[in-house]
Amino acid sequence: MRNAVPNDVVPQKEAAGAAHWRSSLRTRIALWAGLVNVALLLLLVLGTAWFARRLILDDARRDTHATTQEAAQRLDGALHVVTITTHGMSDLVGGAQLSSDELMATLRAMVKATPGCAGGLLILEPRTRGDLPFARYVAANGRDRDFIADGYPFREQGWYQRTVASPGGWWSEPYLNQTAGGVWMVTYNMPLRDPGRGARTRGMVSLDLPLANLTGMIDALAHLPGWRVSLVAPAGTLALNPEVGVERLEGTSNNAG
């Protein structure tokens with residue numbers, strides 16, 4: 001008669017086989033190989049992501065540099081046009097004998113020929129005793145002004161005194177032009193000299209540009225994520241800054257303090 005084996009009793013040979021499977025060298029090698037493969041795959045994914053990120057950043061950096069250069073060239077070109085036009089006007093009027101009507105026509109043509117120009121000023125002191133001075137402002141919006149007829153004391157103004165004493169042209173700091181309707185402006189001022197009289201200073205010529213025309217060329221850059229774009233005037237006034245408005249007339253020297 002055969003002995004019955006209880007159902008809840010595992011044969012010794014089967015239990016030994018199960019223990020042998022868990023502790024076998026083949027199983028451990030397979031597990032370690034799997035872990036190594038997972039680690040290598042993870043390293044490969046991380047390396048690929050790092051390399052791709054670096055490529056994207058390098059491309060973005062190159063695009064940023066190109067965009068910045070393009071904006072700077074546009075800005076420089078706009079300023080250069082103003083200086084060239086003003087120098088040409090200075091050379092033309094300084095040694096010529098033109099009537100008031102001819103001077104007005106020349107000044108108006110200069111304003112119209114300069115992109116974005118808001119207006120131009122021409123002041124000529126009398127060349128000989130008995131001549132009348134000429135001081136007219138021509139505005140692109142038609143609001144012309146005769147300083148002589150208005151009795152405006154232009155000779156007492158700091159910008160006039162600085163210009164006639166200057167060896168060359170100079171850019172003003174941004175200022176609020178109430179005559180133009182409360183518009184922020186910058187002005188390029190150039191002395192007028194008479195070449196026939198030992199380069200004696202006869203007056204000045206200037207052109208006005210709305211500040212928005214200049215800041216608009218780089219304003220798009222100021223709104224890019226992670227950018228901090230500033231436009232600094234010659235004397236340090238922050239004409240464009242993401243944190244400081246030009247109306248505060250704050251400069252780089254104020255920030256440094």
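Two strands count as paired if DSSP finds at least two bridges between them. I wrote that down first, since I started with strands.

**Ground rules.** I'm looking at a predicted model, where local features need pLDDT of at least 70, side-chain atom pairs count only at pLDDT 80 or more, and totals for chains, interfaces and linings use all residues. Residues are numbered from 1 along each chain as its sequence is written, and side-chain values use heavy atoms, with hydrogens and water left out.

**Strand β7.** I looked up Thr187 and found that its bridge partner in β7 is Asp208. (Strands are DSSP runs of E, at least two residues; helices are runs of H or I, at least four; both are numbered from the N terminus.) β6 and β7 run antiparallel, joined by ten bridges. β1 also pairs with β7 in the antiparallel sense, over six bridges, and Gly119 stands opposite Asp208. Nine of β7's eleven residues are buried, so the strand is largely enclosed by the rest of the structure. Buried means under 20% relative accessible area, exposed over 50%, and partly exposed in between (1.4 Å probe, protein chains only).

I then picked Met89: beyond its neighbours within four places in sequence, its contacts (heavy atoms within 4.5 Å) include Leu103, Leu122, Leu192 and Val205.

**The largest pocket.** A pocket here is an open set of points on a 1 Å grid over the protein atoms alone where a 1.4 Å probe fits, with protein on both sides within 12 Å along at least five of seven lines; lining residues have an atom within 4 Å of a point. The largest one has 23 lining residues, and Asp208 turns up again: with Tyr137, Tyr175, Asn177 and Thr187, Asp208 lies nearest the centre. β2, β5 (175-177), β6 and β7 are the elements that give two or more residues to this lining.

**Thr163.** Last, I looked at Thr163, which sits in helix α5 (residues 158-165). Buried or exposed? Thr163 is buried, with a relative accessible area of 0%. Leaving aside neighbours within four places in sequence, Thr163 is in contact with Trp170, Asn189, Met190, Pro191 and Met204.
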